[in-house]
Amino acid sequence: MAVPGFTLSVFILLLHISSVANYPNGKVTESCHGMIPEHGHIPQSHPVHNISVNQMTFRPGSQLKVTLSGSQFKGFLLEARDVKDLSGPPIGSFTLIDREMSQLLTCEDKQGSAVSHTSSSKKKVIEVYWNAPSNAPDHIQFLATVVVKYKIYWVKIPGPIISQQDALPFTTPRATIPPLPTLPPVFHLKKSFSASDCGKKKFCIRSPLNCDPEKEPACFFLSFTRDDQSLMVEMSGPSRGYLSFAFSHDRWMGDDDAYMCIREDQAVHTQPSHLTGRSHPVMNSGDALEDMAWRLADGVMQCSFRRNISLPGFKNRFDLNTSYYIFLADGVADDGRIYKHSQQPLITYKKHNVSDYPKNIGGSRSSLLLKVHGALMFVAWMTTASIGVLIARFFKPVWPKAFLFGEAAWFQMHRMLMLTTSALTCIAFFLPFIYRGGWSWHAGYHPYLGCLVMTLAVLQPLLAAFRPSLHSPRRQIFNWTHWSMGTAARIIAVATMFLGMDLPGLNLPDPQKTFAMIGFVVWHVGTEIVLEIHAYRLTRKEPCI
């Protein structure tokens, strides 16, 4: 019965991956100016793709055919620039020939000033028309960035220089394109990190608490060691693909200073980045980091680097003289491309200043409020509601005598258990809203079904308050309505709990969570079947074995 929740989670994850990884939809407006993909790798130096035009001169308002061709590629970005200012804004606009393979972008507030891919499907030729503006400079050069794989791409491949018909020949050498960025040197770690100095010289975050990366491969470890005005950072964990940590002003992703160690084949590269929300991190220049090193051994990935406590000249790098929440996450990487973290990030319980005194702290991968929410719903619908239903269905002949307020004992027990179910549901219902500060748009169908369960849990006692007398002609209608709503509430509640178990906010162990839920469902259904058989045999006055 856990399959729907599992399937839904996988589906959401695949949607998330397809929408952020390597920008397969071509919406690369952020890269318009520098034409550099935010992949965090060194561009290739020798182009294997070519830009050609159908004529070498133009007039304002004329149209030229531009062709980008070469070996198979997945993504591209094509622009026209003033040959005297190749770092300036794009010139003119484009008209598409094949809308399935290419799309127009608005760069520098100029509509249609660049062309990019529409999908990551492989292609060899792209053809478009370039429209010369009325105020075009004398000489134009076409530039293209081409992506073959996530870490294999070329930036600003130079195309032909075209000139206005009455312009003087252009004689300046092509070598006007600024040099491509390079990454600082990276070294290999000779031995594993140790937790022996945690709380003494190192500020450490560990999961499980007090684990040692030198002895336990499953230990997630992050440490900060102050050295004058800089910090030495060490990070270790299982080598599934990447490890990352981030400094945050709150307990939510968004506007965070993050650092990633990404495995590529048998190497690891360290990349600073900036988190803007629940989207792919924006990779930044690695110039702010020094003494970068890595190690892969025994299924463990480790990386280290040094950064200054204060980096006023680097955008998105936080001042580490201040306290922050600290996130520690891991996930899968393929060919240097990272995917959504495989489990909920570890988040410290409060803000910490890592450049202050050494400490030894832990964190949690799930919220206490969400745990209480799940526990209350579990008790309500797998315990009190189930027992209340069994009492109403099978214990009327057993407890027929009046108990309190002149009501039968079975009815008093049933009412108490069902009111408890409604009360627990109401309390649990509001806890996720308190935790999220509003509606959760990333929890799939779970919150919608939860609202339906909450509605039925409130309506049931209200309906029972207007229960007709035993011999009223409306009593049969009430009985069927009460039974139908109660049964629907129980079925939807169980389905909602199965969906909720797979949400990362609870961080429940798998497959134990599924087995536990299936066990309770089987227990209740089995008990009800046995009691139904027993009741049937009693009505026939047959002995029950």
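Trainee: Which residues line the second largest cavity?
Mentor: This is a predicted model. In it, the lining of the second largest cavity consists of Arg251, Gln344, Ile347, Ser364, Arg365, Ser366, Ser367 and Tyr435.

Trainee: How do the residues of that lining divide by class?
Mentor: Two are nonpolar, four are polar and two are charged.

Trainee: How much space lies in the second largest cavity, and how many cavities of 30 Å³ or more does the structure hold?
Mentor: The space in the second largest cavity is about 30 Å³. The structure holds two cavities of 30 Å³ or more.

Trainee: You mentioned α2. At what angle does its axis cross that of α6?
Mentor: The axes of α2 (residues 368–394) and α6 (residues 512–539) cross at roughly 0° and come within 11 Å. Angles under 35 degrees count as roughly parallel, so α2 is roughly parallel to α6.

Trainee: Which residues make the contact between them?
Mentor: From α2, the contact is made by Phe378, Met382, Ser386, Leu390, Arg393 and Phe394. From α6, the residues are Met517, Phe520, Val521, His524, Thr527, Glu528, Leu531, Glu532 and Ala535. By class, this contact has nine nonpolar, three polar and three charged residues.

Trainee: Stepping back, how many helices and strands does the protein have?
Mentor: The protein has six helices and 26 strands. Its radius of gyration is 32 Å, well over the 24 Å that the globule rule gives for 545 residues, so the protein is more spread out than a compact globule.

Trainee: What box do the C-alpha atoms fill?
Mentor: Taken along the principal axes, the box is roughly 110 × 60 × 40 Å.

Trainee: A last topic, the backbone. Which residues are joined by a cis peptide bond?
Mentor: Ser207 and Pro208 are joined by one, with omega at about -5°. Pro208 lies in the loop between β13 (203–207) and β14 (220–227).

Trainee: What is phi of Glu108, and where is this residue found?
Mentor: Phi of Glu108 is near 55°, which is positive although the residue is not glycine. Glu108 is in the loop between β7 (102–107) and β8 (110–117). Most residues other than glycine have a negative phi, and most peptide bonds are trans.

Notes. Residues are numbered from 1 along each chain as its sequence is written. This is a predicted model: local features need pLDDT of at least 70, side-chain atom pairs count only at pLDDT 80 or more; totals for chains, interfaces and linings use all residues. Side-chain values use heavy atoms; hydrogens and water are left out. Axes are lines fitted to C-alpha atoms, for helices over the stretch in contact, and angles run from 0 to 180 degrees between N-to-C directions. Helices (H or I, at least four residues) and strands (E, at least two) are DSSP runs, numbered from the N terminus. Angles under 35 degrees count as roughly parallel, over 145 as roughly antiparallel, 65 to 115 as roughly perpendicular and the rest as oblique. Contact means heavy atoms within 4.5 Å. Ala, Val, Leu, Ile, Met, Phe, Trp, Tyr, Cys and Pro count as nonpolar, Asp, Glu, Lys and Arg as charged, and the others, Gly among them, as polar. On a 1 Å grid over the protein atoms alone, a cavity is a set of points where a 1.4 Å probe fits but cannot get out, and a pocket is an open set with protein on both sides within 12 Å along at least five of seven lines; lining residues have an atom within 4 Å of a point. Grid points are joined across faces, edges and corners, and a volume is the space filled by probe spheres set on the points. The radius of gyration is taken over C-alpha atoms; the globule rule is 2.2 Å times the number of residues to the power 0.38.
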